[in-house]
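Subject: Structure handover

Hello,

Here is the structure I promised you. Please open it and keep it in view while you read my notes below.

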Amino acid sequence: MNENNATVTKTQKSEKKKGKFNFIDFLLILILVMLIASIVYVLMPSNWIKGMFADKSVNIEYSIEIIGVDKAYIENIKDNDVVLDGVSKANIGTVKAVTDITQYTELKYNEETNQGVLSPVEGKYNIIVTITATADYNEGQGYTVNGTRIAVGEKINARFPNYVCDGYCISVPR
């Protein structure tokens, strides 16, 4: 009987050791969690991670210049039209105004003077469209409206209800 009692106590002791939680186990779990978090941080798109820590949304007004618009299509861009990103189809604002309609010009070679000359192109115009939107501002990235970056010089693929075009952002708030 002593052997049975000795066997039972050894089994009970080994079960107690298996269920015991120690500091080394805690450190291993902590290191594993930190490793997984690091991998997720490196592999996830930076915009998504930055979006999680974005500052509050602000109302902005930005302008895009559209070059070489046919005269017949200028009227297709109207105040209060919703503007969509031509690629993602996300809402990037509402038209506030269409202004500064100027004659479109092209650089042409003048053989008499042996120089390039800017010549107006009949029926084509440059226009500036001012758009209002609710944007997120992230330090180091600037303004984004539903995933579309709004910055001076940035190409904007704009989709109006009756017109689709490419333009370049020429002004954003400071």
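Is Asn-146 buried or exposed? Asn-146 is exposed, with a relative accessible area of 53%. Exposed means over 50%, so Asn-146 passes that cut-off. Before you go on, please note that this is a predicted model.

**Two asparagines in loops**

Stay with Asn-146 for a moment. Asn-146 sits in the loop between β5 and β6 (148-150). Its phi is near 50°, a positive value in a residue other than glycine.

Now find Asn-80. Asn-80 also has a positive phi, about 70°, although it is not a glycine. Look for Asn-80 in the loop between α4 (71-74) and β2 (82-85). Asn-80 is exposed too, at a relative accessible area of 63%.

**The nonpolar core**

Next, turn to the inside. The largest nonpolar core has 25 residues. Some residues have the most contacts inside this core: Tyr-62, Ile-64, Ile-66, Ile-77, Val-129, Ile-150 and Phe-160. Which elements give two or more residues to the core? They are β1 (57-70), β3 (91-110), β4 (115-138), β5 (142-145), β7 (155-160) and β8 (163-171). The largest share comes from β4, with six residues.

Pick Ile-66 and look around it. Leaving out residues up to four places away in sequence, Ile-66 touches Ile-77, Tyr-125, Asn-126, Ile-127, Val-129, Phe-160, Cys-165, Asp-166 and Gly-167.

**Helix α2**

Helix α2 covers residues 23-43, which is 21 residues. From its first C-alpha to its last, α2 reaches 30 Å. That is close to the 30 Å expected at 1.5 Å a residue. Check the start of α2 as well. There, a side-chain oxygen of Asn-22 reaches to within 3.2 Å of the backbone nitrogen of Ile-24.

**Salt bridges**

Side chains of opposite charge can pair when their charged atoms come close. How many salt bridges does a search of the whole structure find? It finds four.

- Asp-70 and Lys-124: their side chains meet at 3.2 Å, N to O. Asp-70 is in strand β1 and Lys-124 in strand β4. The pair links distant parts of the chain, 54 residues apart. Asp-70 is partly exposed at 30% relative accessible area, and Lys-124 is partly exposed at 28%.
- Arg-149 and Glu-154: the closest N and O atoms are 3.0 Å apart. Arg-149 counts as partly exposed, at 36% relative accessibility. Glu-154 is partly exposed as well, at 27%.
- Lys-155 is partly exposed at 44% relative accessibility, and Asp-166 is partly exposed at 40%.

**Where to start**

After that, follow β1 to Asp-70 and its partner Lys-124 in β4.

Best wishes

Terms used: Residues numbered from 1 in each chain as written. Predicted model: local features only at pLDDT ≥ 70, side-chain atom pairs only at ≥ 80, totals over all residues. Heavy atoms only, no water. Core = buried A, V, L, I, M, F, W, Y, C linked by side-chain atoms within 4.5 Å. Buried < 20%, exposed > 50% of the residue type's maximum accessible area, 1.4 Å probe, protein only. Helix = DSSP H or I, 4+ residues; strand = E, 2+ residues; numbered from the N terminus. Contact = heavy atoms within 4.5 Å. Expected span 1.5 Å × (residues − 1). Polar contact = N/O pair within 3.5 Å; in protein donor to acceptor, adjacent residues only side chain to side chain.
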